[in-house]
Amino acid sequence: MAKSKGQTTREKVEAGLPRRRRKELMFKFVGMLATTVGVVFLGVFFSTLIAEGSSAFKQTFMKLDIELAEDVIAPGGELDLAYADFDGLVRSALREAIPEVSGRRDRRELYRLVSVGAAYQLRDLVEANPELVGTKQTMWVPASSNVDMLIKGNIDAELDESLRPISDKQIAWVGTLQDDGRIETRFNKALFTNGDSRDPELAGIKGAVMGSLYMLIVTIALSFPIGVAAAIYLEEFAPRNRWSDLIEVNINNLAAVPSIVFGLLGLAVFINWASLPRSAPLVGGLVLTLLTLPVIIIASRAAIKAVPPSIREAALGLGASQTQVVFHHVLPLALPGMLTGTIIGMSRALGESAPLLMIGMVAFIVDVPGGFNDPATALPIQIYLWADSPERAFAERTSAAIIVLLGFLLLMNLAAVILRKRMERKW
Amino acid sequence: MQSTTLILLLGFMATAAFYFGRGRSLSLVGGPGHGTALHSLPGYYGYYVAIWVAIPALALLLLWVMVEPKLIVTLVVSGLPEAYRDLSPGELNLLINNIQNLASGDVVSVAVDETLQAAANQFNQYAAQSRQILAVLALGFAGLGGAIAWRRIHPDLRARNRVERVIRWFLIAASSIAIFTTVGIVLSVLFEAIRFFQKVPITEFLFGLNWSPQMAIRADQVGSSGSFGAVPLFTGTLLVTAIAMVVAVPVGLMTAIYLAEYSSARVRATAKPLLEVLAGIPTVVYGFFAALTVAPWVRQAGESVGLEVASESALAAGLVMGIMIIPLVSSLSDDAINAVPTAMRDGALGLGSTRSETMTKVILPAALPGIVGGILLAVSRAIGETMIVVMAAGLAANLTANPFEAVTTVTVQIVTLLVGDQEFDSAKTLAAFALGLMLFVVTLFLNVIGLNVVRKYREQYD
Amino acid sequence: MKMTAMTDVTTDNQTPPTLTEEPAAAPVAEPIQMPQVPEQETELSGETVGNIHCENPFMIANDVNVYYGDNHAIKNVSLEIGKKEVIALIGPSGCGKSTFLRCLNRMNDTIETARVTGQITLDGKDIHRKEQDPVALRARVGMVFQKPNPFPKSIYDNVAYGPRIHGLAADRAELDDIVHTSLERAGLLKEVKDRLDEPGTSLSGGQQQRLCIARTIAVNPEVILMDEPCSALDPIATARIEDLMDELCEDYAIVIVTHSMQQAARVSRRVAYFHLGLLVEVDETDRIFTNPQHRLTEDYITGRIG
C-alpha cells in the first residue's frame, strides 16, 4: 500500500516542482532587486552630489593690476579705511584691463565681472601693509559668481542671451581676460573662511561650522554626563517600580518623538519662558541635548549590561560599596561603549535641522559666531538656506556644504567604529 | 561680575575645599599614617566639603538666573509713569522690548524719548545691582556651606555615605530628565494649543476643510478672516506618508528577507553597512536631493507620459522619504525575522518547503507582529519627518489624494508658521502649537503601540 | 537565523579531534554522567566493526564526510538503512550522529559553512545528483526535530501544511482526509478532533511532538528521520511516541538519533554507534547490547562514556 501511494505522492510532488522553482526564483529576484534599490540610490546620490559639488571647491579669480592711489586711500596722508573708495580702484583696474569698453552702461556691465569681495580684499591688504599705498599691485581677486559659473561651464554660452544671466559682451570680455592670462581657477578658500553672504562667490560655511561646533560643545557637555548618569541609575540602582518603569517607557518614546516637537519645546520653554536668546547656539545645544539624551542613555545601558556580573560580585565581595563598584569597575569597563553611543548621538545632533528652525537658527547671519550666545546658524541649516537660493552658484555650494557635512559625519562614525573595534572586549 | 567668572570662581573654591577637607580629616586623626581611624577614606571628606561649597551656591545661581529677568522687568515697569501702566499686554511687551534694546545698545523701533531713556538706564542699573548681589550671595553661600561642612568633619562622620547619597540624587535627577522632557513637551504644546482653541474652535480645527492661516492686522482688511481647518494638512501628511510606506515597506522587508535568507555572507557584509549609511544621511540632505533631483525627474517622467505633475509634488517628497525609511523598516524586519526560532525554519524546510515557502508561509506569519510594530514606528517617523517635506512638498494646502499635486503637511505648516519673527500669541503662532499637539499625540500613540507590540513579540520567543 | 542554526550545530560538533580529551560536559538530557575514562588511541582506527549492510537496503551512505568550515564533523561513514526498519544512531554528544542524520535529507544544505562529500543514495539514486531538488528529496525523507516545533498556526493548518505546499490534495475533502488520517496514525486524532482550529502551540509538549510527526507523515514520506524526538518530553509522552514508532515502522524506514540507550534498545532493530565523527560499530540491536565488539561501544553502553 505504501509503495503505490508513495508513487503517487512522488509524482504529485514532482509535478508541482517546476512551478515552485519558478516562484522561488522570482522571490529571490525580487529580494535582490529590493536590496539593490537602496544601494543604487546611494550610488546615484553620491555621484550627483560629487558631480554637483566638487566644482564649488574651485573658484574663478582674475588678475588685476590695481593702483593703490594715495589720494583715494589716504587723502591728506591719513589712512581712511572705512570710507575709501576701494571699489573705484578695482573698477579702474578692470577698465585698464579691458580698455575698449566705453559708455556708462557697458562699464557698469563690465564692473559686474568682478566680485564685491575684491574691494574687501584690497582693504584688508592695505590695512595689513600700509606701506603699499601709492604703489601698483598685481592681485588675484575673486570673479563674480556669473563669471565663475561661465568658466566652470555651468552657464551655456550657446543659450540665447535673454536666457542666461551673463550678456554676450560680458562673455567676450571674459574671453579677452582669459586670452591675457588674467583668469584662473584656484582652490576656493573663501568657502571655508567666510560666513554666509548674499554673493555666492563670497559665501562660506565657516559661520555655520562654528555654530554647529558651539552647539555640539553644549550638547556633549550636557548630554554625556546626564546620559551616563541616567543609564547608571537605571541599570545599577533603580528599584523595579513604577517610577523606573515610567522612565523606561519615556526614554523609549522620546527616542521616537519627531524632532520638530523638540523644537516646539525649545521655543516654548527656553526662548519664551526662560527668555534665552533666539538663534543662539546655547539654546540649540540645549534642544539637541534633549534630543540625543535617549540615544545616549539607550547605548550606555547596553554598554553597562555587557559588563559581566562577576566583576560586580568580585568587588562587592571585597567590601566595596555599590557606588564604588559602579564608579571603580563598571563605569571604566562600560566607557568605550558609552563613548561610541555618544558619538553616534552627536552625529545625529550634527545632522539635525528641524528643531533648529523652530528656535530661530534659520536667520541670515554673516558674522562668524564667537560665543554661545551669539546669533548663529548650523551647517544643516546653512544647507537648507542655500538650497532655497535660486542662484546656480548656490546650488553648487549647497552640494559642497553637504559633502563637508557628510565628511564630518563619516569621521565621527569612523571614530565610533574604531573605538568599538579597539575597546571591544570578549568576556 | 559675569556668571561664567562666578562659576569658575566657585569651581576653584570647591577644588580648594576638597583639599582642605581631606587635609583636615587626616590631621584630626594625626596624619596620613592613621587614615584607618576615619570612617571613610580621607578623599570622601574632601568631596563632602566640596559638595557643601558648590551645590548651594550653584543652586542659588540657577534660581537667580531664572528669576532675574522677570524681576527686573517688573521693577522697571513699576517705575514707569502712570500712563504706561494701562497699556495692553501686547503694547507693553513692545515697550519692554524697546527698553531692553535701548539698554543693551541695539536698534530701537521707536523714537527714544526721555521716559524710555530713563527706563533703560534704570534697567541697566538694576541689572548691575542684581549681578553684584548675586556674586556676594553666591560666594557667601559657598563660604558658609564650606564652613558648616568643615566644622562637621569628625572621624566618625560617615562621609562616604553622605557623598554617595548626593551622587545617588544626582543620578536620579539625571534619569528623571526624560520624564521632565515629556512633561515639558506636553505642557508647552498643550497650553499654547488651549490658547489657540480659545480663539479658534477645536471643531473647526479638526474638521474644517480650508487652511489659510492669515490673521487680520486690521479688522477691515481684505481676506481678514484666517481659516484654520487642518483637514487638508492631515490628508497631505497621510498622502506623503502613504507614498513613503508604499516604497519603504516592500523594499525594506524584501531587503531584510534577501539579506537574511539568500545573500552570501559577503553581500550581507557589504549591503548592511551601506544601508546604515543611508540611515545616517541627514534629512536636510534628503530634502535637497528631493527638491533638486527627484522632483524635476518625477515631473519630467510624468510629462513624458502626459501627466500633469506639480513641481513640488507629493510623489517626489514621498519617494525620497520612503528611501530614507528603508533602513529603519529593514532593520526592524530583520530583528523580527531573526527572532523566529530556527526550529520553525528547520521544520518547514524538513517538510520540503522551498525557501520562499518557508519565508512566506511560516516565518513571516510568525514574525508578523514584530514587523507590524516596526511598520508603526516607521509610519510615526514618516509623519514626523520635517525637512524633506519642507524642501520638497510645498505650502499649498490642497485637499487631494492625487500624488502628482502639491500638498502640504503638518510639519511643513509648523515650520512655516513659526519661522520668522512672530508675535507669540497670535492665532497664527498658536496654530503651530495646536498642530504640534496633534503631531505629538498621533506619533506618541503609534510609538507606544509599536514599541509594545515589538517588545511583546520579542518576549514571546525569548 | 542562520547564525543560530550554525551555532546550534557547531556546539554539537565542537569536540576537538584529538583523543586525549573526552567530549565536553554532557547536556542535562544525558541519563548518566560518569567520571571520564582515558582511552587508548589505538582503539579508534576508523574501521567500522559489525555489519553496516542490511537485507533490503533503501538508503545507502558511502564514505560520507562532513565539514563545518575547518571542523571535520563526520569521517568516512558508510551505512545502509533498510526498508521498514528502525535504526538508532547513538553515541556521546558531539559525536556527529545528528549531523549524519541531517545529511540524509540534505538539511545541511541550509547551513552556509557545511560541506558534504561522499555518496548517499535513496532507492538507488544519488541524492546529491544535479537534477535532484532538495525540496523533492525532503518530501520523501521527512524529519522530526528534537524540540517540538509546531508552526504558529492551527492544528489543522500544521498538518495540512505539507500537503498544501506539495499540492498533494486536489480539493478540501481530500485535504481533510489526509489531515485526519495523519492525525489518527500519529495517535493524536482522538485528543484534538474537536479543536483543530486551535493553535498547535496550545498543545502539551508530547502532543506537539505527535503533531509534528503527523505533519511529517501527512506528506507520506518513505523515510522518517527523528532527531532525539523525545529528549524534551516526559516519560509518558515518550512511551506514546515509542509506541507510535513501532506502528510507523510497518510503512516507513525510520532513522532515530537518541541519547537514551534504553530507547534505542526498545524501538530499534539495528543500532549504529558514533564516536567523534566516526561510525564505530553497527549491528543488530540485541547483539550490540549483549555483546558489543568494540571497546568504545562497550564503554558507552555500560555508561563509562557520558
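Colleague: How much area is buried between chain A and chain B?

Modeller: This is a predicted model, in which local features need pLDDT of at least 70 and side-chain atom pairs count only at pLDDT 80 or more, while totals for chains, interfaces and linings use all residues. Residues are numbered from 1 along each chain as its sequence is written, chains are lettered from A and ligands numbered from 1 in written order, and side-chain values use heavy atoms, with hydrogens and water left out. Buried area is the accessible area (1.4 Å probe) that two parts lose on being put together, summed over both. Carbon and sulfur atoms give 78% of the area between chain A and chain B, which is about 6,400 Å².

Colleague: Which residue of chain B forms a salt bridge with A:Arg20?

Modeller: A salt bridge is a side-chain nitrogen of Lys or Arg within 4 Å of a carboxyl oxygen of Asp or Glu, and the count between chain A and chain B is one. The closest N and O atoms are 2.8 Å apart, and the partner of A:Arg20 is B:Glu357.

Colleague: How many residues apart in sequence are the parts that A:Lys152 and A:Glu396 tie together?

Modeller: The side chains of A:Lys152 and A:Glu396 meet in a salt bridge at 2.9 Å, N to O. Helices here are DSSP runs (H or I, at least four residues), numbered from the N terminus. Because A:Lys152 lies in the loop between helix H6 (145-151) and helix H7 (168-179) of chain A, and A:Glu396 in helix H17 (residues 392-423) of chain A, the pair ties together parts whose separation in sequence is 244 residues.

Note on methods
Helices (H or I, at least four residues) and strands (E, at least two) are DSSP runs, numbered from the N terminus.
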